Amino acid sequence: MVASLLAVLRTSRLCQWGCKSRAQLLGPLPFGPGGWSTWAPERTNATLSLEPAGRSCWDEPLSISVRGLAPEQPVTLRAALRDEKGALFRAHARYRADPHGELDLARAPALGGSFAGLEPMGLLWAMEPDRPLWRLIKRDVQTPFVVELEVLDGHEPNGGGLLARAVHERHFMAPGVRRVPVREGRVRATLFLPPEPGPYPGIVDLFGVGGGLLEYRASLLAGKGFAVLALAYYKYDDLPKSLETMRIEYFEEAVNYLRSHPEVKGPGIGILGISKGGELGLAMASFLKGIKAAVFINGSVAAVGNTIYYKDETIPPVSLLRDRVKVTKDGFLDVVEGLQSPLVETKSFIPVERSDTTFLFLVGQDDHNWKSEFYANEISKRLQAHGKEKPQIILYPEAGHYIEPPYFPLCKAGMHVLVGTNITFGGEPKPHAMAQVDAWQQLQTFFHKHL
Ligand SMILES: CCCCCCCCCCCCCCCC(=O)SCCNC(=O)CCNC(=O)[C@H](O)C(C)(C)COP(=O)(O)OP(=O)(O)OC[C@H]1O[C@@H](n2cnc3c(N)ncnc32)[C@H](O)[C@@H]1OP(=O)(O)O
């Protein structure tokens, strides 16, 4: 491990900030008392410590501190990581050491930079990509994101001398979590199981438009005591290339697979879905048996973009209202008014009243993809009108569409495959980051309670 890390450290790619070369700037790589991840150049006594040291899971908070600075010394901290497509994500913030020459990000407010104020994890959630409109996505959950942190003298983000540096691995599989690729009947998925033999509460995890098989949320959740099936449903392997034929029978097969798995606690399972995954998850909870609890993050109550089929029933998509699409001051499309209401086109309303599932809706109130808050309220009304349990709705002010696990930077705008151009997804970085931390905790508490 140390040898391979040394090899990585010696490559010029490691200096994500465009330093000339590691050797020129810093000489040979010493190893500080904190282990391989912490060291400082000889000309200062500053050390940068991270707790846990060396590695942690992506959703864990980190404690970041610097020692050995001059009293009240102004410094800049910066963090960088590269995604698997080579995009560079970076953040920086200005700080001042305390009278003892120490700096603890849990106690010291940032004085400006990518964020301001007391934000112990700001160096991660405030990262911005070097490619416009690029979203931080983890594709291979078996490897970590490698985060570099640096302490620079003074308040110039690129000017001050390097005082200390650390490299930290942020993992997506807690030690011992098991990853099982699934090809059962038509089901294409990956099952993540906690370290010890189960049974565990089971959850089907669904992402949205874009397709493929994203595993990072499922793998993180398996570290919290759940058996989680990351389920692909289009644009993956031999699955349909487009969303046109979304048949709930496919999802039923996945539910049956999970329910009959020996390490899954019965009788009912959970569904977690974001965006289009929330819409399809709602249809699953409405048509299928055995779904005890569901959490939808900014989902829809209507079929959108494609017809949903189950046996001899069809739910047609709501109409697109092209003339209601606006353009933001940054030149992105704002499509939030661009869908007809399912209260007008009632055939598009997913029949939630048939469901006996217990629901939690997590809603970003600044979602510009579609009207998540309105949809959650309409589902609540419909359920109650039919004597069903009132769902829990948690509203997050100034949070946008993509509420991810904690510390993923906000993706405010980007290409929307259904719309065919760049749209705004909404959200402000700090409240969105706070929402992600809370939502992650809330959904775990909910699933542990109901499954
Ligand atoms: C005028 C009309 C009016 C309409 C009027 C109203 C309409 C109103 C509609 C509302 C409709 C809401 C409908 C549901 C709303 C959701 O569902 S929102 C979406 C939620 N999204 C998710 O949950 C993630 C889903 N999955 C994904 O996005 C894909 O799996 C991934 C992650 C991009 C990977 O897919 P992949 O096939 O491995 O990707 P890859 O081949 O590498 O790249 C595919 C494309 O994605 C891009 N891409 C890849 N990685 C990234 C990245 N990290 N960052 C950015 N782009 C990336 C690539 O550049 C590539 O683009 P092209 O070169 O094709 O242009």
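## Around the ligand

A backbone N or O atom of G208 sits 2.7 Å from an oxygen atom of the ligand, a polar contact (a pair of N or O atoms within 3.5 Å; within protein, one must be able to donate a hydrogen and the other to accept it, and residues adjacent in sequence count only if both atoms are side-chain atoms). This is a predicted model, where local features need pLDDT of at least 70 and side-chain atom pairs count only at pLDDT 80 or more, while totals for chains, interfaces and linings use all residues. Residues are numbered from 1 along each chain as its sequence is written, and side-chain values use heavy atoms, with hydrogens and water left out.

Back to the ligand: one of its oxygen atoms is 2.5 Å from a polar backbone atom of G211, and a nitrogen atom of the ligand is 2.7 Å from a polar backbone atom of R135. On its own the ligand has 1,300 Å² of accessible area, and the protein covers 72% of that (Shrake-Rupley method, 1.4 Å probe; for residues, only the protein chains shown count as cover). There are 28 residues around the ligand, and R135, G208, V209, G211 and S275 come nearest (near means a heavy atom within 4 Å).

## R188 in its strand

R188 belongs to strand β12, residues 187-193 (strands are DSSP E runs of at least two residues, helices H or I runs of at least four, numbered from the N terminus). R188 counts as buried because its relative accessibility is 6% (buried is under 20%, exposed over 50%, partly exposed in between; 1.4 Å probe, protein chains only).

A polar atom of the R188 side chain lies 3.0 Å from the backbone oxygen of G185. Leaving out residues up to four places away in sequence, R188 touches V182, R183, L231, A232, Y236, D237, D238, L239 and Y250 (contact means heavy atoms within 4.5 Å).

## Helix α7

Helix α7 covers residues 372-385, and its 14 residues reach 20 Å from first C-alpha to last, close to the 20 Å expected at 1.5 Å a residue (that is 1.5 Å times one less than the number of residues). Just after α7, G387 takes a positive phi of about 70°.

Which residues of α7 are buried? They are S372, Y375, A376, E378, I379, S380 and L383. The buried residues of α7 pack against α6 (276-287), β22 (358-364) and β23 (392-396).

## Cysteines

The disulfide count comes to zero, with a cut-off of 2.5 Å between cysteine sulfur atoms. C57 counts as buried because its relative accessibility is 12%, and C411 is buried too, at 8%.
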